[in-house]
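Please read it alongside the sequence and the coordinates.

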Amino acid sequence: MAEVLVVVEAGVKKVTLELLTIARGLGSPSAVVFGEADAGKLAEYGAEKIYVADGDDVEGYLVAPKATVLADLVREKQPAAVLLASTQEGKEIAGRLAVKLDNGLLTDAVAVDADGTATQAIFAGSATVKSKVTRGLPIVTIRPNSVTPSSSPAAGAVEQLTVAVSEADKLAKVVERVAEKKGSRPELTEASVVVSGGRGVASADNFKLVEELADLLGGAVGASRAAVDSGFYPHQFQVGQTGKTVSPQLYVALGISGAIQHRAGMQTSKTIVAVNKDPEAPIFELADYGVVGDLFKVVPQAADEIRKRK
Amino acid sequence: MNIVVLVKQVPDSGASRALGAGDFTVERASANNVINEMDEYAIEEALKIKEAHGGEVTILTMGPATASEAIRKALSMGPDKAVHVQDDTLHGSCAVTTSKVLAAALGTLNADLVLCGAESTDGRVQVMPHMLAERLGIAALTGARKLTVDGSQLTAERQTDEGYEVVTAATPAIVSVWDTINEPRYPSFKGIMAAKKKPVQTLALADLGVSAGEVGVAGSTSQVLEFAQRPERTAGQKVTDSGDGGAQLVAYLASEKFV
């Protein structure tokens with residue numbers, strides 16, 4: 001059975017396990033790790049092989065060295081497909097790889113058939129297409145939360161790769177990596193519960209309320225563009241057209257009117273719940289359950305109620 | 001500094017969008033076509049750099065004849081001139097083939113710095129800057145929320161899920177920007193009038209040394225097989241808080257096993 005290369009996001013995120021789960025339907029999964037990763041976890045979810053490329057030449061520069069390592073691996077192993085996470089960096093690696101191999105690529109897939117045909121959610125989740133790569137092998141980036149990862153123990157044989165990158169791969173240097181606040185919350189795009197605040201939250205300080213509910217539900221915190229533009233919450237947590245696309249089991253919208261640009265980032269969520277004081281807010285048109293009311297009364301009461309039930 | 005800004009005309013993301021029934025390419029004829037919002041931030045950044053360091057700002061667009069509207073809008077903000085790659089054979093080109101055409105066009109422009117939006121609102125694919133960097137052999141600093149120019153040295157803060165990365169490169173380079181980087185200026189009346197007289201050079205595929213067989217639907221590296229609008233979500237239950245809204249909300253969450 002042909003290998004399927006699965007590019008591992010640093011630290012083995014949940015999406016990696018989802019990619020391995022999908023890869024098993026296409027061939028024999030081989031994880032490609034840049035830097036450090038938990039080999040045991042990769043093997044548990046089906047990685048027969050684990051290729052490791054590390055060192056300053058890979059980790060000290062932006063994207064390009066990873067694409068070079070991957071292109072070499074594709075030429076050598078002739079895999080059936082290459083799967084990456086549909087994150088900024090995952091897509092960027094895929095883009096460079098496609099140019100290097102003069103190969104097609106598909107981004108933002110939510111499913112991949114055994115023959116490499118991908119299902120993609122497009123136009124902000126308002127439409128679905130099926131597409132396939134017509135030149136070369138399928139290079140597909142897959143959205144987090146597209147499948148439920150399942151374990152399937154495999155050999156997980158580790159193979160260290162020799163890294164041979166060119167000077168052209170080292171033009172964009174990473175000088176510093178700075179972590180900003182997230183705490184112990186799950187990653188926004190990977191979380192099964194997302195609690196988001198909008199303009200109605202009214203201040204950065206009030207976002208504590210959003211964070212509190214998110215923590216009680218074990219979820220991530222998101223924010224609408226209005227809230228981000230007002231400086232209530234950092235941009236990397238923005239959900240919508242110019243931010244992240246999320247597809248959790250539960251999306252809770254607090255003080256968010258539901259402009260089309262926001263819906264673009266969350267309308268494929270399984271269940272949507274909204275609290276807004278305006279009964280005409282468009283968010284209620286897509287909410288499975290809506291509470292018309294003052295979020296500063298409704299949310300603390302909900303938080304207390306959850307604590308009581310725990 | 002010779003700066004080129006990539007601009008794309010896209011269907012308005014605030015309206016309903018579709019793929020055409022024939023070849024499953026983006027329906028543009030019936031759409032309200034606008035300049036890609038994120039590109040305005042790239043133009044603003046280019047103008048700021050020009051104001052601080054001197055130079056020239058050129059808009060580069062690939063698109064059908066209607067894309068000239070997006071070019072005029074871009075020019076009305078202040079750039080000096082534009083290049084419009086326009087050729088009927090380009091219709092339906094995938095990202096890989098588009099990058100081939102844009103790289104060839106950039107090859108004629110001798111840019112020190114290429115700026116673009118981090119993504120377009122239609123495809124949201126985010127691959128173009130790295131594809132172009134790969135083809136041109138220049139640096140790509142992508143997803144910038146801050147950009148500093150010091151002579152030929154560029155330093156950017158690249159936004160990541162965890163926070164940000166400080167990344168550096170020397171020119172020539174391509175930099176993509178998020179909408180957190182600046183606040184784009186509104187075109188002035190004077191700017192709108194001046195834009196009508198600014199030079200726009202039109203390039204056909206033959207001018208770029210790319211053959212028709214390499215582009216368009218036939219030359220693309222991927223193909224759309226099926227297209228379907230997703231059924232609209234429908235409104236569920238809506239209650240008005242009369243003192244127990246929070247408790248009712250949790251009761252619903254519990255019934256759905258989220259609590």
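Gln126(B) sits in the loop between β6 (113-117) and α4 (128-136) of chain B, where helices (H or I, at least four residues) and strands (E, at least two) are DSSP runs numbered from the N terminus. The model is predicted, and local features need pLDDT of at least 70, side-chain atom pairs count only at pLDDT 80 or more, while totals for chains, interfaces and linings use all residues. Residues are numbered from 1 along each chain as its sequence is written, and chains are lettered from A and ligands numbered from 1 in the order in which they are written.

**Loop residues**

Although it is not a glycine, Gln126(B) has a positive phi of about 65°, and Gln78(A), in the loop between α4 (64-77) and β4 (81-85) of chain A, likewise has a positive phi, of about 45°, without being a glycine. Burial is judged from C-beta atoms placed from the backbone: a residue is buried if 20 or more other C-beta atoms lie within 10 Å of its own, exposed if 12 or fewer, and partly exposed in between.

| Residue | C-beta neighbours inside 10 Å | Class |
|---|---|---|
| Gln126(B) | 27 | buried |
| Gln78(A) | 10 | exposed |
| Pro184(B) | 18 | partly exposed |

Pro184(B) belongs to the loop between β10 (173-177) and α5 (189-195) of chain B. Its C-alpha atom is separated by 6.1 Å from that of Glu40(B), 144 residues apart along the chain. Residues up to four places away in sequence not counted, Pro184(B) is in contact with Glu40(B), Tyr41(B), Ile43(B) and Glu44(B), a contact being a pair of residues whose C-beta atoms, placed from the backbone, lie within 7 Å. In the loop between β9 (163-170) and β10 of chain B lies Pro172(B), which a cis peptide bond, with omega about 0°, joins to Thr171(B).

**Chain B and the cores**

Chain B contains seven helices and 13 strands, and 51% of its 259 residues count as buried. The largest nonpolar core has 125 residues, and those with the most contacts inside it are Val6(A), Leu83(A), Val5(B) and Leu141(B); such a core is a set of buried Ala, Val, Leu, Ile, Met, Phe, Trp, Tyr and Cys residues joined through C-beta atoms within 7 Å. Another core, of 51 residues, lies apart from it and includes Phe232(A), Ala253(A), Ile256(A) and Leu249(B).

**Sheet and interface**

An open sheet of six strands has the order β12(A)-β11(A)-β13(A)-β14(A)-β15(A)-β13(B), with parallel pairing, two strands being paired if DSSP finds at least two bridges between them. At the edges stand β12 (220-223) of chain A and β13 (237-240) of chain B, each with a single partner strand, so one side of each has no neighbour in the sheet. Four bridges join β11 (residues 193-197) of chain A to β12(A), and Val194(A) has Ala220(A) as its bridge partner there.

Between the chains, 78 residues of chain A are in contact with 66 residues of chain B. The chain A side divides into 36 nonpolar, 23 polar and 19 charged residues, where Ala, Val, Leu, Ile, Met, Phe, Trp, Tyr, Cys and Pro count as nonpolar, Asp, Glu, Lys and Arg as charged, and the others, Gly among them, as polar. Seven bridges join β7(A) to the antiparallel strand β12 (residues 222-229) of chain B, and Thr128(A) stands opposite Ala228(B) in β12(B).

Methods: Two residues are in contact if their C-beta atoms, placed from the backbone, lie within 7 Å.
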